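Subject: Structure for you to look at

Hello,

Here is the structure I promised to pass on. Please open it beside this email and follow along.

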Amino acid sequence: MAVFLELSGINKKFQPDKEVAVLALSGVELAIDQGEFVVISGPSGSGKTTLLNIIGGLDSPSSGEVRLADLLLTGLSERELSRLRRDHIGFVFQAYNLLPVLTARENIEYVMRLQGVGEPECRARSGEISAKLGIDSLLDKLPHQLSGGQQQRVAVARAVASTPKLVLADEPTANLDSKAAAALIDMMERLNDEEGVTIIFSSHDPMVIAKARRSVVLHDGRIVTNVRHDLS
Amino acid sequence: MSSLVLKMAWASLARRPTRSLLVVLMIAVSLWGLLLMQGIYDGMTEQMISNAIRSDAGHLSIFARGYRLDPSLDLLVEPEQGPAQEVAGGLGNEGPGLAASLAADPRVASHVVRLRQNGLVATSHYSRHAEIIGVELEGEQLQGRLADYLTTGKYDFGPKGKGAIIGHKLAAKLQVRLGGKIVVSAQDRAGELAGTALRVSGIIRTNNMGLDENAVFIDLARARGLLGVESGVSQLALLLAKGYGEEDLAALQGELRAGWPDLAVSRWDELYPALMQSRVLMRGFSLVVSGLVFGVAGLGIFGVMLVSVLERLREFGIMLAIGAGLNTIRKTILLESLLMGLAGFLAGALAGGLSLLYFRRFGLDLSVFSEALAEFGMDAVTYAIIRFSYFSEALAAVILATLVSVYFSLRVLGRSRPMAVINKG
């Protein structure tokens, strides 16, 4: 299978002030194929979120290269990165991050609207995806009317509704109880199978990590483990 | 997408209803005051101009060339004189006379003739400088509704033409009342002193300072007799018919100048330059006040929008992260401030428009200041004017204030990267 995402020599240094420098990522090398279901784990501060942000073009590395579907991300302008995220990457955040003034349906359809998809098509797609995720009865509700688990499912629906090639999820189960967390991961796995979307998510929950087909472990900004699991 | 942008803008305003309403109210009140001020100031100026046109200058006044520098009885206009044209043996004045030409011209609603001479008016106790103006009352009523200016007495010179209508300030200075005897005297055409005794038949208040302080209107025939003038008048003033405007006035002035080159044809604003300056001054004043009002409104919107943007940085960060470009966010913020500005404009325009309609119909009664206002040639009751430009200019100012006020908020966003914004928020 062709390499879909390739990171080579990624370093990321944060410098909160002149005398202090923190190396968040150091010499990260990673290649991920199309359709993989990958978990990035590691203790707090190991660089999981920074790595996901760099993969998604939300942050830039201090050095190194990121290639997504043969496109070199480093060096793209903010406008180009924004277009790339809109058309090819779905995001699920730890704190759901739904737009508070839009209903669940409008949140799900938001990226499609940005892409210029017509309303009937948006409706059909949001209906289809919300049925798959079991949130079709919640579509007219505002985020504050939903529970944490429901909000996270809406966030997942938003991330996949625009049929991205890649979904990045930063600790999507962190604010959920174990039952809701397991259900969410099952659902993401199903989407991975049915929609063929490459999913990369971060977690430090062993139950969630165990469900991934490939596990990348970070420690102090370095990849210490990178293994595929045979779950069959 | 635009419906979502609109919804987000509207929802953001509704999220802090008190704050949004306060800004809307601030814009509305500012606009209301501004519209009211413009309408009433313009009403005052236009009334002053109207008074000058009705009571004296007309839209055009025709004098003998040199008369205005040296108002002598030797410099008179002959209303029957035809236009200058080439005739056998040189230039001649054949064809219909000036008065007849004006009467036949559809652009001219009416014209009046006046014979004027500076002189003296005296009672048994006081005497004052006066401008003796011989007029035909019917024509003056048709042209300037002179009778409307009467504060007391009749619009009549009596059966023998021995009445006089005088300005109210002159009456006060002479301490003469209705029916009181006055003697007017002036130098006649032959250079001799001539005088006649008259009774005050009416007192007028035109708010045209020159007339109120000096005018003694007498019958034209009596004035001719008094001043020894058989024909000719000092001034011929005309009013333009309804439906004709500035361009027609300029064309008519040009035609009259060409036809009667020995006459001076002056527009009202050439005779009363102070009124024209007053109009320009009012316009300038109005622009300055508009600038101040919308500066304040703009600051209000700026404050609210900056706070609104800063407290929603996280939301904008999410939008950026999931692929909304900065332009989409800019549109949301702009639309939000425009909605607020337009709501303020609509409320202010409605309140201002209704107030102006009221004051146009019933007037603003400033009788308590009537003496002071009269010093400036203003009426005690001012009738407001409503112009479309008040609203279109205000709308443009609101939009401009809105755009300028969100500029800095947009700059704050323009420098941001998604994660930095989310983390800041």
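How many residues does helix α2 of chain B have, and how far does helix α2 reach from its first C-alpha to its last? Helix α2 (residues 17-57) of chain B has 41 residues and reaches 56 Å. That is close to the 60 Å expected at 1.5 Å a residue. The expected span is 1.5 Å times one less than the number of residues. G58(B) follows α2(B), and its phi is positive, near 60°.

Some ground rules before we go on. This is a predicted model, in which local features need pLDDT of at least 70, side-chain atom pairs count only at pLDDT 80 or more, and totals for chains, interfaces and linings use all residues. Residues are numbered from 1 along each chain as its sequence is written, while chains are lettered from A and ligands numbered from 1 in the order in which they are written. Helices (H or I, at least four residues) and strands (E, at least two) are DSSP runs, numbered from the N terminus.

**Helix pairs**

Start with chain B. Helix α1 (residues 2-15) and helix α12 (residues 326-362) of chain B pack at an angle of about 55°. Their axes are 8 Å apart. Axes are lines fitted to C-alpha atoms, for helices over the stretch in contact, and angles run from 0 to 180 degrees between N-to-C directions. α1(B) and α12(B) are therefore oblique to each other. (Under 35 degrees counts as roughly parallel, over 145 as roughly antiparallel, 65 to 115 as roughly perpendicular, and the rest as oblique.) The crossing of α1(B) with α12(B) is right-handed. (Right-handed means the near helix is turned clockwise from the far one by less than a right angle; anticlockwise is left-handed.)

Which residues make this contact? From α1(B) they include V5(B), L6(B) and W10(B). From α12(B) they include T328(B), L335(B) and M340(B). Two residues are in contact if their C-beta atoms, placed from the backbone, lie within 7 Å. By class, the contact of α1(B) with α12(B) has 9 nonpolar, 3 polar and 2 charged residues. (Ala, Val, Leu, Ile, Met, Phe, Trp, Tyr, Cys and Pro count as nonpolar, Asp, Glu, Lys and Arg as charged, and the others, Gly among them, as polar.)

α12(B) also meets helix α10 (residues 273-311) of chain B. Their axes come within 11 Å and cross at roughly 145°. This crossing is right-handed. I301(B), M305(B) and V309(B) in α10(B) meet I333(B), S337(B), M340(B) and G341(B) in α12(B). The contact divides into 5 nonpolar, 2 polar and no charged residues.

Now chain A. Helix α3 (residues 104-115) and helix α5 (residues 148-161) of chain A pack at about 25°, with axes 7 Å apart. That makes α3(A) roughly parallel to α5(A). The crossing of α3(A) and α5(A) is right-handed. Among the residues that meet are I108(A) and M112(A) in α3(A), and V154(A) and A157(A) in α5(A).

**Where the chains touch**

18 residues of chain A are in contact with 17 residues of chain B. On the chain A side, α2 (78-88) and α3 are the elements that give two or more residues. α3(A) gives the most, with 5 residues. By class, the chain A side has 9 nonpolar, 3 polar and 6 charged residues.

**Single residues**

Most residues other than glycine have a negative phi. Two residues here have a positive one. Phi of N97(A) is near 55°, and phi of R145(B) is about 45°. N97(A) sits in the loop between β6 (89-92) and α3 of chain A. R145(B) lies in the loop between α4 (137-144) and β6 (150-153) of chain B.

Are they buried or exposed? N97(A) counts as buried because it has 24 C-beta neighbours inside 10 Å. R145(B) has 12, so R145(B) counts as exposed. (Buried means 20 or more other C-beta atoms within 10 Å, exposed 12 or fewer, partly exposed in between; C-beta atoms are placed from the backbone.)

Last, V112(B) is in strand β4 (residues 108-122) of chain B. V112(B) is buried, with 24 other C-beta atoms within 10 Å. Leaving out residues up to four places away in sequence, V112(B) touches several residues, including V135(B), G139(B) and A237(B). V112(B) and L142(B) are 30 residues apart in sequence and 8.9 Å apart in space, C-alpha to C-alpha.

Best wishes
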